[in-house]
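Me: Hey, can you walk me through this one? I'd like to ask about it bit by bit.

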Amino acid sequence: MKIVHASVLGNGRPLLILHGFLGMADNWKTLGNQYAKEGFEVHLIDQRNHGKSFKSEEFTYEWLAKDVHNYMVHKGLNKAMVLGHSMGGKTAMQFACTFPDFTEKLMVADMAPKYYPPHHKVILDALNQLDLDTLTSRNEADAQLGNYITDWGTRQFLLKNLYWVSKEKLGFRFNLKVLATKMEEIGEGISGTAVYEGPTLFLVGERSEYVTQTDYPEIKRHFPNATVQSIEKAGHWLHAENPKQFFEKSLSFMKS
């Protein structure tokens, strides 16, 4: 059985954090340290095909949820709070519904349980244009990506995944070959009969279009004890755009 890679910060009540598509555990290090200071043992998890975790052709939310369960069993964790952003939010939802006894509380950052049409094609196409065999620096990669992706922040987020495989060769931590073929799976909603009745918080970016009021009935159907709170002046990257308010609202929920 393969176990996903994770970084563990602090001591106390277990909190598992799941990053989004093409992200990695390291994206959550700053907030993770803040939670750790508040008395939580924070597990920053790299999901399969991301970060330092194993590569696999299997990539569905059922598999991603099982990975979290296997990790908890491996670590001897009987129950944990689970926080997931975007794709990680779907994993967290699926996990809570499949393994409710292992879930103390659920937090979902800017993601609904519904199906989302594939919308990462431009990014994946741009990444596939990079010639990793000839790149000699991160700046060179940024310049090449800039021909396809104009947003600086998006490029920096993607380039965090670049690392030196050897002294001469750069590579990506995420498994681009597999992920580029899994767009439908990433957009999938959680199963129609899935229900988690434990305490649940959905945090939604005020400027984001990922979760709208029309999604609330479906959220309540799957998560009857869910509350939805807005993060001001933030879009889909709410934890990065307004980290102070994100931290305060999530911490208040975890300590309630």
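Me: Which residues line the second largest pocket?

Reply: Before that, keep in mind that this is a predicted model. The second largest pocket is lined by H5, S7, L9, M24, A25, D26, K29, L44, D46, G51, K52 and R173.

Me: And how much space lies in the second largest pocket?

Reply: About 190 Å³.

Me: How does its lining split by class?

Reply: The second largest pocket has 5 charged, 4 nonpolar and 3 polar residues in its lining.

Me: OK, now the largest pocket. How much space is in there?

Reply: About 840 Å³. It has 36 lining residues, and the closest to its centre are F21, F157, H236, W237 and H239.

Me: What classes do those lining residues fall into?

Reply: In the largest pocket you get 19 nonpolar, 12 polar and 5 charged residues.

Me: Which helices supply at least two residues of that lining?

Reply: There's α1 (29-37), α3 (87-98), α6 (152-159), α8 (183-187) and α10 (238-241). The largest share comes from α6, with 6 residues.

Me: Let's stay on α6, then. Which of its residues are buried?

Reply: R155, F157, L158 and L159 are buried in α6. F157 is also one of the residues closest to the centre of the largest pocket.

Me: I clicked on T154. Where is it?

Reply: T154 sits in helix α6. With a relative accessible area of 22%, T154 counts as partly exposed, because buried means under 20%.

Me: What does T154 touch?

Reply: Leaving out residues up to four places away in sequence, T154 touches I123 and I149. I123 is 31 residues from T154 along the chain, and their C-alpha atoms are separated by 9.1 Å.

Me: Switching to α1. Which residues are buried there?

Reply: In α1, the buried ones are L31, G32, Y35 and A36. Looking down the helix axis, they fall within an arc of 145 degrees, so they line one face of α1.

Me: Why would residues a few places apart end up facing the same way?

Reply: An α-helix has 3.6 residues a turn, so residues three or four places apart point the same way.

Me: What happens just after α1?

Reply: G39 takes a positive phi there, of about 95 degrees.

Me: Strands next. How many residues of β2 are buried?

Reply: In β2, 5 of its 6 residues are buried, so to speak mostly covered. β2 pairs with β3 in the parallel sense over 6 bridges, and R13 has F40 in β3 as its bridge partner.

Me: Which strand pairs with β4?

Reply: That's β5, in the parallel sense over 6 bridges. M81 has K105 in β5 as its bridge partner.

Technical notes:
Residues are numbered from 1 along each chain as its sequence is written. This is a predicted model: local features need pLDDT of at least 70, side-chain atom pairs count only at pLDDT 80 or more; totals for chains, interfaces and linings use all residues. Side-chain values use heavy atoms; hydrogens and water are left out. On a 1 Å grid over the protein atoms alone, a cavity is a set of points where a 1.4 Å probe fits but cannot get out, and a pocket is an open set with protein on both sides within 12 Å along at least five of seven lines; lining residues have an atom within 4 Å of a point. Grid points are joined across faces, edges and corners, and a volume is the space filled by probe spheres set on the points. Helices (H or I, at least four residues) and strands (E, at least two) are DSSP runs, numbered from the N terminus. Ala, Val, Leu, Ile, Met, Phe, Trp, Tyr, Cys and Pro count as nonpolar, Asp, Glu, Lys and Arg as charged, and the others, Gly among them, as polar. Buried means under 20% relative accessible area, exposed over 50%, partly exposed in between (1.4 Å probe, protein chains only). The arc is that of the directions from the helix axis to the C-beta atoms. Contact means heavy atoms within 4.5 Å. Two strands pair if DSSP finds at least two bridges between them.
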